[in-house]
Amino acid sequence: MSFLDNLWRGRASEFDAGNAATNAIELTKRHQKVSLSKQNAAAGHLRVNLSWRMRTSDIGGPKRQSVLRHPFKALRPEEVQAHSQSMVNVDLDLGCLYELADGTKGVVQPLGGFLGDINEAPYMRLSGDDRFGSGSGETMYINLDHRDQFKRMLVFVYIYDQTPAFDRTHAIVTLYPSNGPRIEIGLDERHPQARSCAVVMIENVKGEITVRREVKFVYGFQAELDRLYGWGLQWGRGYKTRTEQR
C-alpha cells in the first residue's frame with residue numbers, strides 16, 4: 001500500500017465523520033447514521049433546511065481559458081453568450097412524513113398548507129415555501145423536547161408540478177441540532193426523471209434519537225414514498241394556492 005493510499009483514506013474518513021474545521025458531519029453511503037442522543041443533541045429545536053441552486057455547467061457557465069496558451073485573452077472582457085441549454089425552473093419542496101408514538105400519522109409540507117405546529121402534535125413546523133432556491137431555502141423545525149412522542153420521521157424533498165430536474169440542481173438538506181455539528185445530506189446522485197427523494201429518517205429507537213441517510217429517489221410523489229416506507233396514508237392530487245406560490 002502506497003503513501004498516497006493512506007493519505008486519501010485518511011482524508012475520506014475525516015470528511016465522512018466531520019471535523020472541527022467544517023463543524024459538519026456528512027452522511028454518505030459509507031457513513032449513513034448518527035445518534036443525536038450520544039452527542040447530547042436530542043432536545044430543543046432541530047432545524048432542518050433545504051437549499052438548492054442550478055448547476056452552472058447546465059446553464060451555459062463561462063469556460064475558463066488557459067492564460068499560458070492565450071495570454072492576451074485574459075485582458076479582454078468576457079463575451080456575453082446565450083445559455084447553451086434552456087433554463088429549467090425548479091421548485092423543490094421540503095416535507096416530512098411523521099408517525100407518533102400513539103400511532104398518529106400525517107405529513108408536514110407546503111402543498112395543501114400542512115405546515116404543522118411546533119408546540120402541539122405533530123411538534124414540527126415548516127416555516128414556509130421557497131419557490132426559487134434563495135439563500136435561506138426552506139426550513140422545518142422539530143421540537144425534540146417532545147422526543148418521547150415521536151416514533152419516526154421521514155424528511156423528503158419533491159419537485160412540485162414542474163420538469164423533473166434533480167440532476168441539474170445542487171440540493172442539500174442540512175440538520176442543525178441544538179448541540180454539536182450540523183449534519184449534511186447531499187442530493188447529488190443523477191436521477192433525471194425522479195420527482196421525489198426520501199432524504200433522511202429520524203427515529204426514536206428505545207429512547208435514542210438517530211438520524212439515518214436514505215437518499216432514495218422515486219419517479220412519483222408522496223404516495224410512492226408512502227408505499228416505499230409503509231406509512232399507509234390516503235393521498236389525492238393537490239395544488240398550491242396563489243398564497244402558497246410565493
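Which residue's side chain meets that of Lys151 in a salt bridge? In this predicted model, the partner is Glu99, and the N to O distance is 3.5 Å. Lys151 belongs to strand S9, which covers residues 150–159, whereas Glu99 belongs to strand S4; the contact therefore ties together parts that are 52 residues apart in sequence. The two partners were assigned to separate accessibility classes. Lys151 is partly exposed, its relative accessible area being 44%. Glu99, at 8%, is buried, because the limit for that class is under 20% relative accessible area.

Both strands take part in an open sheet of 6 strands, in which the order is S2-S13-S12-S9-S4-S5 and the pairing is antiparallel. The edges are formed by strand S2 (33–35) and strand S5 (105–108); each has a single partner strand, so one side of each is left without a neighbour in the sheet. From one strand to the next, the twist averages 20 degrees. In general, strands of a sheet pair through backbone hydrogen bonds, and the arrangement may be parallel or antiparallel. Glu99, the salt-bridge partner of Lys151, stands opposite Lys105 in S5.

Across the whole structure, 8 salt bridges were found. One of the pairs consists of Arg213 and Glu189, whose side chains meet at 3.2 Å, N to O. Arg213 lies in strand S13 (residues 208–218), while Glu189 lies in the loop between strand S11 (182–186) and strand S12 (196–205), so this pair ties together parts that are 24 residues apart in sequence. Arg213 and Glu189 are both buried.

A further salt bridge is formed by the side chains of Glu184 and Arg182, with an N to O distance of 2.8 Å. Glu184 has a relative accessibility of 18% and counts as buried; the cut-off is under 20%, so this value falls within the class. Arg182, with a relative accessible area of 26%, is partly exposed.

A disulfide is a covalent bond between the sulfur atoms of two cysteines. The search of the whole structure returned 0 disulfides. Cys96 counts as buried, with 0% relative accessibility, and Cys197 is likewise buried at 0%.

Conventions:
Residues numbered from 1 in each chain as written. Predicted model: local features only at pLDDT ≥ 70, side-chain atom pairs only at ≥ 80, totals over all residues. Heavy atoms only, no water. Disulfide = S-S within 2.5 Å. Buried < 20%, exposed > 50% of the residue type's maximum accessible area, 1.4 Å probe, protein only. Pairing = 2+ DSSP bridges. Helix = DSSP H or I, 4+ residues; strand = E, 2+ residues; numbered from the N terminus. Axes fitted to C-alpha atoms, helices over the stretch in contact; angles between N-to-C directions. Salt bridge = Lys/Arg side-chain N within 4 Å of Asp/Glu carboxyl O.
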